[in-house]
Amino acid sequence: MAVFQEIESAISTAIQRRLRERFDLTLDVSLEQPKQASFGELAIPVAFQLARQLKRPPRRIAEELAAGLDAIAGVSSFEIAGNGYINVRLDRAAYAQSLFAASRGGPAPVPGKIVVEHTNINPNKAAHIGHLRNAILGDTFVRMLRERGREVEVQNYIDNTGVQVADVVAGFHFLEKKTPAEVRALIEDPAVRFDYLCWDLYARVSSHYQQEPAALAWRGDTLHAIEAGEGTLAELGTLVADAIVRLHLATMFRIGVTYQLLPRESEILHLKFWATAFELLKERKAIYFEEQGKNKDCWVMPATAFREGERSEDDDKIIVRSNGTVTYVGKDIAYQLWKFGLLGKDFFYRRWSAYPDGSQVWVTTDHLSESGAPSFGRAKQVFNVIDSRQSYLQDVVVAGLRALDYNAQADASTHFSYEMVALSPRTCLELGIALSEEDKRRPYVEVSGRKGLGVKADDLIDKLIENALCEVEDRHPDAPADERKRVAEQIAVGALRYFMLKFTRNSVIAFDFHEALSFEGETGPYVQYAAVRAGNILRKVEERFGPPPDFAAALSGDLLAQCFADETLWQLLLLASKSGSLLERAIASGEPAHVAKYAFQLAQAFNNFYHEHSVIAEPDLARRSALLWLTTFVRDQLAAVLHVLGIEQPVYM
RNA sequence: GGGGGCGUAGCUCAGUUGGAUAGAGCAUCAGCCUUCUAAGCUGAGGGUCACAGGUUCGAUCCCUGUCGCCCCUACCA
């Protein structure tokens with residue numbers, strides 16, 4: 001356990017013991033961070049809680065509690081403050097020394113696999129900025145979990161047989177009259193951006209449907225052919241979906257997002273996952289066949305299963321349509337059951353692609369598995385990263401589990417929801433999108449794939465790299481070109497990932513080019529810059545004075561006490577030492593934004609230190625060693641947090 | 001109509017299970033590069049925490065109501 005957490009728990013225990021002694025009470029003692037650093041390192045507000053119960057002034061209670069406390073290792077004093085706070089001051093030298101001793105191995109592994117499903121882009125067109133938010137949130141949450149010892153499996157669900165793919169296939173076949181061979185040539189032509197081409201085609205097909213509703217028959221025919229897996233339309237479906245998935249994975253790899261398994265809807269269909277789930281649902285009477293009313297001839301789930309309040313037929317959710325086909329939610333229930341290992345059947349698997357580090361992406365298949373496939377699914381806990389507009393459907397999925405009596409798994413299913421990325425009116429104008437007077441007054445305008453209205457992910461990444469490269473070339477005109485390119489890419493990814501993470505999940509992002517392209521203030525590059533500066537100090541000190549000493553031996557208690565009497569130095573050390581407990585809290589609240597905020601604050605504290613203290617110019621050797629250790633410690637923590645955020649540290653900036 | 005979310009500085013957003021003087025970035029203004037890199041630092045101005053009640057020793061936070069904005073409420077996903 002991290003040093004800070006150990007002290008927190010020792011204090012809680014001591015207060016609890018004192019509560020039993022003095023008041024014969026047992027209750028949880030929570031600690032908080034004081035409003036001001038000058039109050040100390042920790043504050044115990046427990047006296048306020050007791051004031052009501054004991055009908056006595058909180059300050060008196062706090063005094064009585066503090067008076068009988070035994071000494072705690074690492075704590076130098078307890079003080080009564082304000083109206084009844086017990087403020088804790090730490091023994092700074094002892095705290096610093098215990099940081100040397102803390103194990104570097106990280107947290108112990110936590111048993112039980114966690115499945116995180118994210119990205120899930122319809123494979124029919126280029127990814128846009130909304131998809132980037134999904135992937136970056138999901139990927140960062142995965143990194144947070146892994147950093148804290150959890151076993152995580154990342155799945156990217158591919159809806160390769162849905163309406164959106166069908167529409168693009170219909171566009172190629174009916175609108176463009178293209179054969180599979182011609183489409184394949186487009187895919188293989190390096191001069192063609194196939195996902196961009198599909199982006200435009202999808203918009204054209206959608207507007208064609210608007211003008212000629214009769215053409216909607218194309219969609220039905222195509223869906224039918226794809227589901228049957230036969231004929232030209234099915235062949236086109238496979239070509240389009242596979243090609244687009246490859247492009248999506250390439251886009252996501254640019255920003256450091258990777259996957260382990262691509263479960264596909266085609267296998268959910270062909271391997272009769274739905275049929276199995278259907279039998280289960282019927283057997284347990286989770287759904288029923290409606291014989292009358294507006295849902296006549298459909299299999300429906302009663303609204304009472306997933307919603308509070310009065311039962312109304314209007315709210316019931318159709319799972320199987322009157323024509324016998326299953327809705328997306330039905331397939332999703334089957335998929336969710338499989339994730340927990342509850343379906344009683346499994347996919348077959350084959351290799352899809354490998355990343356440069358050798359790690360493998362697998363895809364589901366409906367016939368014999370390739371050897372070497374790991375055991376997928378069978379999760380203890382599941383997180384579905386899906387935008388908040390689909391919360392109703394996610395509720396239905398969980399209700400399905402509950403209706404089958406899988407309550408533990410229902411409880412372990414989390415809809416990791418987030419709000420959409422819309423466009424600021426200013427950005428719409430920059431993109432040449434015409435807005436009504438009404439839209440101009442709105443805080444944001446929703447993107448629309450059908451209208452082809454949006455910012456493509458690769459365009460944004462390209463633009464970020466271009467801007468970053470200008471800055472790098474400005475600052476490092478003599479550096480090799482390929483190295484500058486690499487640095488620019490790292491800065492661009494840092495800016496993008498931080499931008500998508502700085503907002504909490506339930507806040508709509510009104511995407512604004514000006515803000516997203518900024519490298520100053522609360523941004524990824526700001527944090528990267530602090531890390532680079534720390535690295536520069538360590539490098540220069542080593543160049544000038546040789547390798548660093550063995551800190552544990554070189555830094556005496558007296559020296560540390562003297563050094564960390566300085567508030568700037570102490571606050572920096574303290575903040576840097578809290579990364580572990582911060583990560584745990586961010587995991588518990590499911591909020592990657594908290595990690596981003598922490599990284600920024602740590603970078604800010606370091607920049608503060610950087611301007612107030614010079615390590616190289618420090619004449620006193622012992623004190624220089626202390627500053628050097630602090631720099632090393634902060635650099636390591638910054639590097640770790642950046643890694644969790646999926647942001648790399650450039651060699652220079 | 002029903003369900004959910006939001007309303008905090010000029011703008012974009014944080015705000016830990018209710019607690020000490022409500023914070024950050026951007027923008028504006030005034031300073032700081034002969035330095036371990038100024039993608040940085042220091043300072044200033046800027047607030048009816050939408051509004052009205054209630055609970056509480058104490059409310060931006062909890063409850064009720066009102067106003068405004070958004071999403072969902074498909075035999076689309």
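Predicted model: local features only at pLDDT ≥ 70, side-chain atom pairs only at ≥ 80, totals over all residues.

User: What makes a residue count as near RNA strand B, and how many residues surround RNA strand B?

Analyst: A residue is near the strand if one of its heavy atoms lies within 4 Å of it, and 63 residues surround RNA strand B, the closest being Tyr85, Tyr328, Thr504, Tyr529 and His613. Of the atoms of RNA strand B that come within 4 Å of the protein, sugar and phosphate account for 61%. The residues of this surface divide into 25 nonpolar, 18 polar and 20 charged. Helix H26 (592-612) is among the elements that each supply at least two residues, and H26 gives the most, with eight residues.

User: Why is the pair formed by lysine 540 and RNA strand B called a polar contact?

Analyst: The cut-off for a pair of N or O atoms is 3.5 Å, and a polar side-chain atom of lysine 540 lies 3.4 Å from a phosphate oxygen of RNA strand B, so the pair qualifies as a polar contact.

User: How do you know whether glycine 40 is buried or exposed?

Analyst: Buried means under 20% relative accessible area, and because glycine 40 has a relative accessibility of 6%, it counts as buried. Glycine 40 is found in the loop between helix H1 (3-23) and strand S1 (42-44), and, leaving aside neighbours within four places in sequence, it is in contact with Pro34, Val88 and Arg89. The C-alpha atoms of glycine 40 and leucine 90 are 7.6 Å apart, although the two residues are 50 residues apart in sequence.

User: Why are strands S7 and S9 called edge strands of their sheet?

Analyst: The sheet is open, with three strands in the order S7-S8-S9 and antiparallel pairing. Strand S7 (288-289) and strand S9 (317-320) each have a single partner strand, so one side of each is left without a neighbour in the sheet, and both stand at the edges.

User: What makes strand S8 and S9 a pair?

Analyst: At least two bridges are required, and strand S8 (residues 299-301) and S9 have three, in the antiparallel sense, so they count as paired. Methionine 301 stands opposite lysine 317 in S9.

Conventions. Residues numbered from 1 in each chain as written. Chains lettered and ligands numbered in written order. Heavy atoms only, no water. Polar contact = N/O pair within 3.5 Å; in protein donor to acceptor, adjacent residues only side chain to side chain. Helix = DSSP H or I, 4+ residues; strand = E, 2+ residues; numbered from the N terminus. Nonpolar A, V, L, I, M, F, W, Y, C, P; charged D, E, K, R; others polar. Buried < 20%, exposed > 50% of the residue type's maximum accessible area, 1.4 Å probe, protein only. Contact = heavy atoms within 4.5 Å.
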